[in-house]
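Please open the model in your viewer and keep the sequence panel beside it. The tour below moves from one selection to the next and says what is to be found at each stop.

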Amino acid sequence: MNERNNLSNTSNAANDNVVLADLGTMIREVIGEEWAEDVPIEMETSFAKDLELESIEFVALAERLKEKFGKEVDFAGWLGSMELEQILQLRVGQLVEFIVRCNSASPTA
């Protein structure tokens, strides 16, 4: 049973890393400025403090997430359920976990 849990944890970590890499690319594209290429985008990176994302960039990111991960990843709806303070403290890792959770909950064809 522990071996099964270890495999599941390893698989989840691999999913997180793949999503984090894709998300980092999308965030840099949305920002579209040279300085963003030098900023490490990690699980603890803050959207407000470290990346200084503005609302229009959140909208553009939501569209890219929907294109990449499907309509199940409703980033705009997820943000809309948060208080302003939660959005200001939002970390990239929270979005990674949201994407992985949405993708694992979506039905397979």
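## A walk through the helices

Begin by selecting Glu-52, which is found in the loop between helix H2 (34–38) and H3; helices here are DSSP runs of H or I with at least four residues, strands are runs of E with at least two, and both are numbered from the N terminus. This is a predicted model, in which local features need pLDDT of at least 70 and side-chain atom pairs count only at pLDDT 80 or more, while totals for chains, interfaces and linings use all residues. Residues are numbered from 1 along each chain as its sequence is written, and side-chain values use heavy atoms, with hydrogens and water left out.

Stay with Glu-52 for a moment: its phi is positive, at about 55°, although the residue is not a glycine. Glu-52 counts as exposed, at 54% relative accessibility, where exposed means over 50% relative accessible area, buried under 20%, and partly exposed in between (1.4 Å probe, protein chains only).

Now zoom out to the whole chain, which has six helices and zero strands and reads α-α-α-α-α-α along the sequence. Of its 109 residues, 36% count as buried. Among contacts between residues at least 6 apart in sequence, 61% join residues at least 24 apart, a contact being heavy atoms within 4.5 Å.

Next select Glu-57, which is found in helix H3 (residues 55–69). For charge, Lys and Arg count as positive and Asp and Glu as negative, with His and the chain ends not counted; a salt bridge is a side-chain nitrogen of Lys or Arg within 4 Å of a carboxyl oxygen of Asp or Glu.

By this rule the count comes to two salt bridges. To see one of them, select Glu-29 and Arg-64, whose closest N and O atoms are 2.6 Å apart. Glu-29 lies in helix H1 and Arg-64 in helix H3, so the pair ties together parts that are 35 residues apart in sequence. Glu-29 is partly exposed, with a relative accessible area of 42%, and Arg-64 is partly exposed as well, at 32%.

For another salt bridge, select Asp-22 and Lys-68, where the N to O distance is 3.7 Å. This pair links distant parts of the chain, with Asp-22 in helix H1 (residues 2–31) and Lys-68 in helix H3, 46 residues apart.

Then display H3 together with helix H6 (residues 92–105), whose axes come within 12 Å and cross at roughly 35°; axes are lines fitted to C-alpha atoms, for helices over the stretch in contact, and angles run from 0 to 180 degrees between N-to-C directions. At this crossing, Leu-61, Leu-65 and Phe-69 in H3 meet Leu-95, Ile-99 and Asn-103 in H6.

Finish at Gln-94, which is found in helix H6 and is partly exposed, with a relative accessible area of 35%. Gln-94 touches Trp-78 and Gln-89, not counting residues up to four places away in sequence. If you also select Ser-46, you will find that its C-alpha atom and that of Gln-94 are separated by 9.8 Å, although the two residues are 48 residues apart along the chain.
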